[in-house]
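Q: Can we go through the charged pairs in this one, and then the interface? Here it is.

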Amino acid sequence: MAGSGRGRGRAAFTFDIEAIGFTKGAALPDVVCKPPPPFPSTDNKPVPLKTGEDEDYMLALKQDLRGTMKKMPYFLAVEEDREAIERYSKKYQDSEKEHATWTPDWRRLPREMKPKKKTKKAGAKPKKAKSSEPKSNLDVLKKIEELEKKDDEEEKSEDEKDKTKDKEGEDDEEAEEPEEYDEEEHEEENDYISSYFEDGDDFGAGSDDNMDEATY
Amino acid sequence: MTQAEIKLCSLLLQEHFGEIVEKIGTYLIRTGTQPLRMIISDTGLLLDQVKKALCVLIQHNLVTYQLQKRGFVEYEAQCKRVLRILRYPRYIYTAKTLYNDTGELIVEELLLNGKMTMSAVVRKVADRLTETMEDGKTMDYADVSNTFVRLADTHFVQRCPLVPETPESPDAPPPPAPTLVINEKDMYVVPRLNLVGKGKRRRSCDEEENGEHKAKKQKQDGESSEPPPDDGIYWQVNIDRFHQHFRDQGIVSAVANRMDQIFRSLPAGYNIVKQVLDQYLTLLADDPLEFVGKSGDSGGGMYTVNLHKALASLATATLESIVEERFGSRCARIFRLLLRKKHLEQKQVEDFAMIPAKEAKDMLYKMLSENFVSLQEIPKTPDHAPSRTFYLYTVNVLSSARMLLHRCYKSVANLMERRQYETKENKRLLEKSQRVEAILASMQATGAEDAQLQEIEEMITAPERQQLETLKRNVNKIDASENQVDETIFVLESFIESTVKKP
């Protein structure tokens, strides 16, 4: 069979080389041993850019847009380290953004987007006080019962949270009071639920009572 | 999403929204639809940051959310929409050409903020226009409103999907996420607003201000805390409509280039005599480009614009031009030949193109290695023996277009990186020049002598000025290049899209 063996030290191809256009015996191009260079020299230089009023205006628009977007409240920059020296010229530069924060329309967003208010017990108290004024004593008792129940459910839901996302009912409760529990547990994501650990009576100031006796 | 697209999206997000948003956006583009806790755990960012970033992305229509059946919400990034950020200057400029400065500012504000209510847009634009007007003149809200209505009527801006008005039963818990709906008919309906007022200047000392006016003004500002009459009705830019406009522009200018002489002699208005019109239409219909087709003769014939063919020609013209610039005019000749004749053998290429065999071979291989041209095997025998197979060169326009589009994305990414690099290299110098300008401005405001001003100006030495000039020139060049590559991206994308969608 033609081409099956090495003909006189020269490699033969399995197909008719004339089909691709090499005449018999002509020099084949060099074998490529490495990837092409990343910046090859080009014989054909690129065409010059379009110039004109339109292009100039769009260029200005582009640069303006870039600058403006950097100043918008949507631009979330990573906080850099404070400068070592307080520069005098800082006074003359655009330091603080005028509208540093922007609040989205919460009605259009999923409820989990809304940051939970960090109102601790102090915040919850006036709420409770306000709401309990018009209500009678019975209602207050009911509310306390409800809250106790909610606390229990809170703890249960904490465990389930890692497995599946909350069902609608629990989701609802999490969003409402008591928000302070929610806040701590969701953000810190640790296993310690603060209500489990109660500072004992002896903790802190209590132990000074019997100091006249020496301890062994 | 290809790597090139992801990289480009990442650069665009970082440049316009900062690193935190970039990280989350890129993560979502790479991994697809994810719930909130996955985003937090995989990106390693704080809950607070992730929430803020998602809010920003959703506000700008770059990320959408969906409530899943099991009750949790998943977020999905819109990669294509992120790539549109490149085209913002073109949208704004088009609005300017169609609706003047007012239109330009309306579109700009909407693009900068993602979504806004009409009253907010009108107020902001009126203020901005007032700033640029002469002292004492203000922009009336009514004018801005009118332009807004015109933009809505021509579909350049559209309403965002609305929060459905659920009959609130106090027992049923609200869903974790609203399902936004929009009725096709309502998309361009402008709410009836009675926007009365004029733009305000930002300067604190206004001519009108005295004791009682100040009180009134405060009251007015206080009013803004009440919900505006069109609360909840948000508007966004209708990008597709702009694309339609660009496409039409492209086709019109292509035909104009073709029919150069005829176009010049056409009268300006539409008062063309019927006979003349007939002639031109016939010419257009018979043109080998096949932009205009004639179907039937009833009523004098029905003429249509064949959009798909038009887009295909535009894309092909772009391909030819790229080949010509990259490989030379002879290669371009071979390329055009292959486009015409579809499939050719090596020998036939040499004959038809009238190029010596060796060079033709060389050029064909160069184009083949860059994937502009491909080989089609046609076996003569069932065993596909290479010696008994036809090898035909061919150009597959669609795949070449895709390949080029991918290259364009890469180019823009490279351009952006280079621009950022240049800016970073000269950061110190740029900051210095900004400080000097700030000092100069404040000194001029407080009234300083020329000698002092000159002293401050000399803080920047001559070679430094030179460096700044070079930097500015380079950055401008790169920016202009990005704009132009985006034009090519638009042509190629429109063509590819037209082949994918079923007519």
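Q: Is Arg128(B) buried, partly exposed or exposed?
A: Arg128(B) counts as partly exposed, because its relative accessibility is 29% (buried is under 20% relative accessible area, exposed is over 50% and partly exposed is in between, with a 1.4 Å probe and protein chains only). Keep in mind that this is a predicted model, where local features need pLDDT of at least 70, side-chain atom pairs count only at pLDDT 80 or more, and totals for chains, interfaces and linings use all residues. Residues are numbered from 1 along each chain as its sequence is written, chains are lettered from A and ligands numbered from 1 in the order in which they are written, and side-chain values use heavy atoms, leaving out hydrogens and water.

Q: What does Arg128(B) form a salt bridge with?
A: With Glu109(B), and the closest N and O atoms are 2.7 Å apart. A salt bridge here is a side-chain nitrogen of Lys or Arg within 4 Å of a carboxyl oxygen of Asp or Glu.

Q: And Glu109(B), buried or exposed?
A: Glu109(B) counts as buried, at 4% relative accessibility.

Q: Where do Lys80(B) and Glu5(B) sit?
A: Lys80(B) is in helix H5 (residues 79-83) of chain B and Glu5(B) is in helix H1 (residues 3-17) of chain B, so the pair links distant parts of the chain, 75 residues apart (helices are DSSP runs of H or I, at least four residues, numbered from the N terminus). Lys80(B) is partly exposed at 40%, while Glu5(B) is buried at 8%.

Q: What about Lys137(B), which residue does it form a salt bridge with?
A: That would be Glu134(B), with the closest N and O atoms 3.6 Å apart. Lys137(B) is partly exposed at 44% and Glu134(B) is exposed at 54%.

Q: Switching to the interface: how many salt bridges does the rule find across chain B and chain A?
A: It finds 5. Asp479(B) with Lys62(A) is a salt bridge, the closest N and O atoms being 3.7 Å apart. Those two residues also belong to a salt-bridge network with Arg66(A), Glu15(B), Arg419(B) and Glu482(B).

Q: How many residues are in contact there?
A: 78 residues of chain B are in contact with 54 of chain A, contact being heavy atoms within 4.5 Å.

Note on methods
Helices (H or I, at least four residues) and strands (E, at least two) are DSSP runs, numbered from the N terminus.
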